[in-house]
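Subject: Structure handover

Hello,

Here is the structure for you to take over. My notes on it follow below.

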Amino acid sequence: MAVKLRLTRTGRHEDPFYRIVAADSRYSRDGRCVEQIGYYDPAKGVANAVINEEAAIKWINSGAQYSDTLKAILNAKGIIAKAKTAKGETSKKAKVVSSKGPKVEKKAE
């Protein structure tokens, strides 16, 4: 399943309001979603967007792609940078653990 982070439109005519969701890329724009991770009101601006950072980082590190508009919102909130550092820390930890092999004791003859 290819997951995308994107906006789904709600609200009235000429008064949009968006939910930030993780959805299968095959679903329609306002269709089913896997998880709602926040919301965004364009009348109030990007600074007032509410996003669950833990969920967003989880989806980004899991390989979810994001729309161009959502990329701008995530960059403004600093979530993409946090996701990259979190991913870097986990990969460094994995490398350290994997570089240590099993201890083999040599027997003196």
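**Largest pocket**

Helix 1, strand 5 and helix 3 (79-99) each give at least two residues to the lining of the largest pocket. Please keep in mind that this is a predicted model. Of the lining, helix 3 provides the largest share, with four residues. The residues around the pocket are I60, N61, G63, A64, Q65, Y66, I80, A83, K84 and K87. By class, five of the lining residues are nonpolar, three are polar and two are charged. The space in this pocket comes to about 150 Å³.

**Sheet**

Strand 5, which contributes to that lining, also belongs to an open sheet of five strands. The order across the sheet is 4-3-2-1-5, and the pairing is mixed. Strand 4 (50-51) and strand 5 (65-66) form the edges, each pairing on one side only.

In general, strands of a sheet pair through backbone hydrogen bonds, in either a parallel or an antiparallel sense. The pairings I looked at are these:

- Strand 1 (residues 3-12) runs antiparallel to strand 2 (residues 15-24), with ten bridges between them.
- Strand 2 and strand 3 are also antiparallel, joined by five bridges.
- Strand 3 and strand 4 pair in the antiparallel sense over two bridges.

**Residue pairs in the sheet**

R12 has D15 in strand 2 as its bridge partner, and R6 stands opposite V21 in strand 2. Between these strands is a hairpin with two residues separating them.

Moving on to strand 3, R19 stands opposite Y39, while I20 has G38 in strand 3 as its bridge partner. G38 in turn has a bridge partner in strand 4, namely I51.

What does helix 1 (residues 53-61) lie across? The helix lies across strand 1, strand 2, strand 3 (35-40), strand 4 and strand 5. Its direction is at about 120 degrees to strand 3. Helix 1 also supplies at least two residues of the pocket lining, so both the sheet and the pocket sections above concern this helix.

Regards

Key: Residues numbered from 1 in each chain as written. Predicted model: local features only at pLDDT ≥ 70, side-chain atom pairs only at ≥ 80, totals over all residues. Heavy atoms only, no water. Pairing = 2+ DSSP bridges. Contact = heavy atoms within 4.5 Å. Axes fitted to C-alpha atoms, helices over the stretch in contact; angles between N-to-C directions. 1 Å grid on protein atoms, 1.4 Å probe; cavity = no way out; pocket = protein on both sides within 12 Å on 5 of 7 lines; lining within 4 Å. Points joined across faces, edges and corners; volume = space filled by probe spheres on them. Nonpolar A, V, L, I, M, F, W, Y, C, P; charged D, E, K, R; others polar.
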